[in-house]
Amino acid sequence: MIYDVETETMPREELETLQLKRLQNLVERVYANVPFYRKRLDEKGVKPADIRSLADIQYLPFTEKQDLRNNYPFGLFAVPRENVVRIHSSSGTTGKATVVGYTKRDVKNWATLMARSFMAAGASSADIVHNAYGYGLFTGGLGVHYGAEELGATIVPVSGGGTRRQVQLLRDFGPTVICSTPSYMQYLIEASNDAGMDIRELPLRVGIFGAEPWTEEMRRDLEARLGITAIDIYGLSEIMGPGVACECRAAQNGLHLAEDHFLPEIIDPKTGETLPPGSVGELVITTLTKEALPLLRYRTRDLTKLDYVPCKCGRTLVRMHRIMGRSDDMLIIRGVNVFPSQIESIILETEGTAPHYQIIVGRHGSLDTLEIQVEVDEKFLSDEIRGLQALERKIQKSIKEFLGVTAKVKLVEPKTIQRSEGKAKRIIDQR
């Protein structure tokens, strides 16, 4: 089923006409109301009237996360502060926090786009939604919450943490849809087993997972262990929160991006040049309808590609490939580019391992070192030492063959690697 048939199945020509009108309005608004953008546009010699086609977006300046930090807290807002009804913020662990504002209309649009996402995932007003995304300044929990209510579903606002209690509520309330990070879902499965509950016996049928990169191998693992359909959802606080793009249950082949609200581009992350359709590169998003915090050409640092072929579900909105990694998460080990998602795929395809791992990067003298700690599946824990050593060598060989880098693989006991109640911390860089 499709939540907004008219918009989600709009012919491409009609959609591009709408996008251009909204892009022109956006540039006029930020030029008039945001000094930061007025200065950037003047420096490039671009006036709002110069935007006559969608191709002219290439003349607009990029926006980066550091720009939000430099204008902390409200310097990029395009409306008076009294028109802002909601503020979200990042944790600021790597510097100043990034602050995001919403007008009443922004919040309404967000709820609508999340309702679209729920319906694409196969949910309806008849569902009970267990929401294990964190509430508060993080956008995940409230974004999912308002979307479920907009759809008319029953929402259980559990938030993150309190894992034992979550297991009890899953048993007692019998939700049919669950929303969380994929790594926290793994933790919930583990906690359910410890509590003597077979999570496959619950009425769960759909899981909507996001907020961190995850692989196709992780999807298959979650679907097998839960007995559900696992759906990928995408969003980021700076743009809106969850609901920027979501897979449809009919195809599970790319995430439908809400192009009527967000204009996507793919660029070369090194040169900033726009790449042709079908190319893998960095996703850049321009917010077409955001009122409080409109952003021109925001560099997400997420690596993906776009597919403009209409989906079998009937939606004509562009499909975004699953996030392959982040340009700023890429590890360079002795000159070789390595993404954590590549390592995850190898681990999950290897029998005898559990889906919990950690990547430790160090340096010995002038050489980079790479150690991967992987938990052993409890069923294989009693194997002879020789068997475990053979498993380590197998993983190490696969990493060498597929990634071209030598890694030390260390098998550790189950539940050794710290669990996360939000986004998993996969990489420890000690260089």
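Two strands are said to pair if DSSP finds at least two bridges between them; strands (E, at least two residues) and helices (H or I, at least four) are DSSP runs, numbered from the N terminus. The model is predicted, so that local features need pLDDT of at least 70 and side-chain atom pairs count only at pLDDT 80 or more, while totals for chains, interfaces and linings use all residues. Residues are numbered from 1 along each chain as its sequence is written, and side-chain values use heavy atoms, with hydrogens and water left out.

**Exercise 1.** State the strand order of the nine-stranded open sheet and identify its edge strands.

*Solution.* Step 1: the order is β4-β3-β5-β6-β7-β8-β9-β14-β13, and the pairing is mixed. Step 2: β4 (154-156) and β13 (306-307) are the edge strands, each pairing on one side only. Step 3: at the β4 end, strand β3 (residues 128-131) runs parallel to β4 over three bridges. Within this pair, I128 lies opposite T154 of β4.

**Exercise 2.** Determine how strand β18 is enclosed and with which strands β18 pairs.

*Solution.* Step 1: buried means under 20% relative accessible area, exposed over 50%, and partly exposed in between (1.4 Å probe, protein chains only). Step 2: 10 of the 12 residues of β18 (residues 353-364) are buried, so the strand is largely enclosed by the rest of the structure. Step 3: β18 pairs with strand β19 (residues 367-376) in the antiparallel sense over nine bridges, and I360 has E371 as its bridge partner in β19. Step 4: with strand β21 (residues 427-429), β18 pairs in the parallel sense over three bridges; V361 has D429 of β21 as its bridge partner.

**Exercise 3.** Classify E13 as buried or exposed, and locate the residue.

*Solution.* Step 1: E13 belongs to helix α2. Step 2: its relative accessibility is 67%, and therefore E13 counts as exposed.
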